[in-house]
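I've got a new structure open and want to get my bearings in it. These are my notes as I look things up.

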Amino acid sequence: MSNLQQRIEKIEYDIQDVCTRIGRERSEITVVAVTKEVSAARASAMIDAGFDHLGENRPEVLLDKQETIQSGATWHFIGNVQSRKVKDIIHQIDYLHSVDRMSLAKEIQKRADHVIDCFVQVNVSGEESKSGVTPAELNSFIEQVAAYDKVRVVGLMTMAPFTEDMELIRSVFRSLRELRDGIAAKELSHAPCTQLSMGMSNDFIIAIEEGATHVRIGTALVGAESGEDA
Ligand SMILES: *Cc1c(COP(=O)(O)O)cnc(C)c1O
């Protein structure tokens with residue numbers, strides 16, 4: 001069995017295991033295979049293996065991959081987007097996980113010819129190095145984004161702090177879920193906000209325990225391009 005197949009089986013096993021343990025359905029969870037570090041060939045192999053939700057974080061790399069991979073994937077943009085790059089990607093993606101400022105929403109409004117499904121990125125941990133709306137600003141951000149009808153807030157996204165402290169990571173995920181629940185309860189037409197994009201290779205199990213609907217898994221699933229990792 002190839003390393004890729006082994007990783008796929010391990011991830012599937014772990015996700016099924018946590019779902020069984022906490023009483024969630026496997027079908028509630030979308031695995032976004034983060035292919036940002038690997039070739040289009042590897043990304044194609046992921047699609048063939050049934051992981052057809054792919055995540056990229058650089059406009060150029062996304063567009064390059066899409067030239068090779070003609071069809072069959074749902075594309076998630078998970079990285080910081082400079083406003084001047086919005087026009088290049090906005091019609092190439094299915095989900096934007098990283099709406100982190102009002103000026104980006106405004107640019108989407110200007111460039112998009114249809115409603116774009118977006119996650120608002122929240123800087124729950126408060127680390128200065130992280131982008132995202134602060135929890136304190138979130139409610140007013142969601143209210144203001146109603147002015148831009150090309151932006152539909154389908155959910156919230158966060159990045160866990162860079163730490164070994166799993167309980168701290170859990171508390172961040174739990175906070176995001178509580179923020180999501182608060183917005184979803186308002187039943188806003190522009191912000192149904194039912195989804196939670198959180199959890200990466202090291203913490204996706206905790207994220208699923210805390211309610212993630214989208215886990216973004218790179219290295220643990222897709223691997224790295226170099227060496228014996230194929
Ligand atoms: C790279 C990246 C991931 C995947 O990270 P891994 O640790 O390789 O699983 C997930 N989300 C975002 C926003 C990323 O940039």
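**Entry 1: the model**
Before anything else, I note that this is a predicted model.

**Entry 2: two helices**
I started with H1, which covers residues 3-22, and H2, which covers residues 40-48. How do their axes cross, and at roughly what angle? I find that the axes come within 12 Å and cross at roughly 50 degrees.

From H1, I have Leu4, Arg7 and Ile8, and they meet Arg42, Ala45 and Met46 of H2. Sorting the residues of this contact by type, I get four nonpolar, two charged and no polar.

**Entry 3: around the ligand**
Which residues surround the ligand? My list reads Val34, Lys36, Ile78, Met159, Met200, Ser201, Arg216, Ile217, Gly218 and Thr219.

I then checked some distances to ligand oxygen atoms. For lysine 36, a polar side-chain atom is 2.7 Å from an oxygen of the ligand. For glycine 218, I see a backbone N or O atom 2.8 Å from a ligand oxygen. Threonine 219 also has a backbone N or O atom by a ligand oxygen, at 2.9 Å.

**Entry 4: threonine 30**
Where does threonine 30 sit? I place it in strand E1, residues 30-34. I compared threonine 30 with glutamine 16: they are 14 residues apart in sequence, and their C-alpha atoms are 12 Å apart in space. Setting aside neighbours within four places in sequence, I find threonine 30 in contact with His53, Thr213, His214 and Val215.

Terms used:
Residues are numbered from 1 along each chain as its sequence is written. This is a predicted model: local features need pLDDT of at least 70, side-chain atom pairs count only at pLDDT 80 or more; totals for chains, interfaces and linings use all residues. Side-chain values use heavy atoms; hydrogens and water are left out. Axes are lines fitted to C-alpha atoms, for helices over the stretch in contact, and angles run from 0 to 180 degrees between N-to-C directions. Helices (H or I, at least four residues) and strands (E, at least two) are DSSP runs, numbered from the N terminus. Contact means heavy atoms within 4.5 Å. Ala, Val, Leu, Ile, Met, Phe, Trp, Tyr, Cys and Pro count as nonpolar, Asp, Glu, Lys and Arg as charged, and the others, Gly among them, as polar. A residue is near a molecule or strand if one of its heavy atoms lies within 4 Å of it. A polar contact is a pair of N or O atoms within 3.5 Å; within protein, one must be able to donate a hydrogen and the other to accept it, and residues adjacent in sequence count only if both atoms are side-chain atoms.
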